[in-house]
Amino acid sequence: MAKLTVKDMKILQELDFQARQPVSQIARKAGLSPEVTTYRIKQLENKGIITGYYPIIDLSKVGYIYCRYIIEL
């Protein structure tokens, strides 16, 4: 299991909700510079934590209800 920092978790959260936003916007929300954010994203890809970028489907438009729970153990 990989050890992630709070900043890495914030980057992952931002990518999870909208992966197509610019790195500068992710960096601003995570409190990092764009260069550091790009480096951390590359490191997360190299570690296999980020394996791809996928489209997000609005399930409510096709008649489903979607809930996301984040459980920290």
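**Before selecting anything**

Residues are numbered from 1 along each chain as its sequence is written. Because the model is predicted, local features need pLDDT of at least 70 and side-chain atom pairs count only at pLDDT 80 or more, while totals for chains, interfaces and linings use all residues; side-chain values use heavy atoms, with hydrogens and water left out.

**The whole chain**

Begin with the complete chain in a cartoon view. The chain has three helices and zero strands, and its pattern along the sequence is α-α-α. Helices (H or I, at least four residues) and strands (E, at least two) are DSSP runs, numbered from the N terminus. The C-alpha trace spans about 40 × 30 × 20 Å along its principal axes. Of the 73 residues in the chain, 18% are buried. Here buried means under 20% relative accessible area, exposed means over 50%, and partly exposed lies in between (1.4 Å probe, protein chains only). Among contacts between residues at least 6 apart in sequence, 48% join residues at least 24 apart; a contact means heavy atoms within 4.5 Å.

**Helices H2 and H3**

Next, select residues 23-30, which form helix H2, and residues 34-46, which form helix H3. Two packed helices are described by the angle between their axes and the distance between the axes. H2 and H3 pack at an angle of about 100 degrees, with axes 8 Å apart. Axes are lines fitted to C-alpha atoms, for helices over the stretch in contact, and angles run from 0 to 180 degrees between N-to-C directions. The two helices, H2 and H3, are therefore roughly perpendicular to each other. For such labels, angles under 35 degrees count as roughly parallel, over 145 as roughly antiparallel, 65 to 115 as roughly perpendicular and the rest as oblique.

Show side chains at this contact: Val-23, Ser-24, Ile-26 and Ala-27 of H2 meet Pro-34, Thr-37 and Thr-38 of H3. The residues of this contact of H2 with H3 comprise four nonpolar, three polar and no charged. In this classification Ala, Val, Leu, Ile, Met, Phe, Trp, Tyr, Cys and Pro count as nonpolar, Asp, Glu, Lys and Arg as charged, and the others, Gly among them, as polar.

Staying with H2, select its buried residues, which are Ile-26, Ala-27 and Ala-30. Seen down the axis of H2, these buried residues fall within an arc of 100 degrees, so they line one face of the helix; the arc is that of the directions from the helix axis to the C-beta atoms. Their cover includes helix H1 (6-17) and H3. Gly-31 follows H2 and has a positive phi, near 75 degrees.

**Helices H1 and H3**

Now bring H1 into view beside H3. H1 and H3 pack at an angle of about 85 degrees, with their axes 11 Å apart. That makes H1 roughly perpendicular to H3. At this contact Lys-7, Asp-8, Ile-11, Leu-12 and Leu-15 of H1 meet Thr-37, Arg-40, Ile-41 and Leu-44 of H3. The residues of the contact of H1 with H3 divide into five nonpolar, one polar and three charged.

**The nonpolar core**

Select Ile-11, Leu-12, Leu-15, Ile-26, Ala-30, Ile-41, Leu-44 and Ile-50: these eight residues are the largest nonpolar core. A nonpolar core is a set of buried Ala, Val, Leu, Ile, Met, Phe, Trp, Tyr and Cys residues joined through side-chain atoms within 4.5 Å. H1, H2 and H3 each supply at least two residues of this core, and its largest share, three residues, comes from H1. Centre the view on Ile-41, which touches Ile-11, Leu-15, Ile-50 and Tyr-53, not counting residues up to four places away in sequence.

- Glu-14, in helix H1, counts as buried at 10% relative accessibility. Glu-14 touches Ala-19, Gln-21, Ile-26 and Lys-29, not counting residues up to four places away in sequence.
- Glu-45, in helix H3, is partly exposed, with a relative accessible area of 28%. Glu-45 touches Ile-50 and Tyr-53, again not counting residues up to four places away in sequence.
- Gln-18 lies in the loop between H1 and H2 and counts as partly exposed at 47% relative accessibility. Its C-alpha atom is 9.7 Å from that of Tyr-53, 35 residues apart along the chain.
- Gly-63 is found in the segment after H3 and counts as exposed at 64% relative accessibility. The C-alpha atoms of Gly-63 and Lys-29, 34 residues apart along the chain, are separated by 32 Å.
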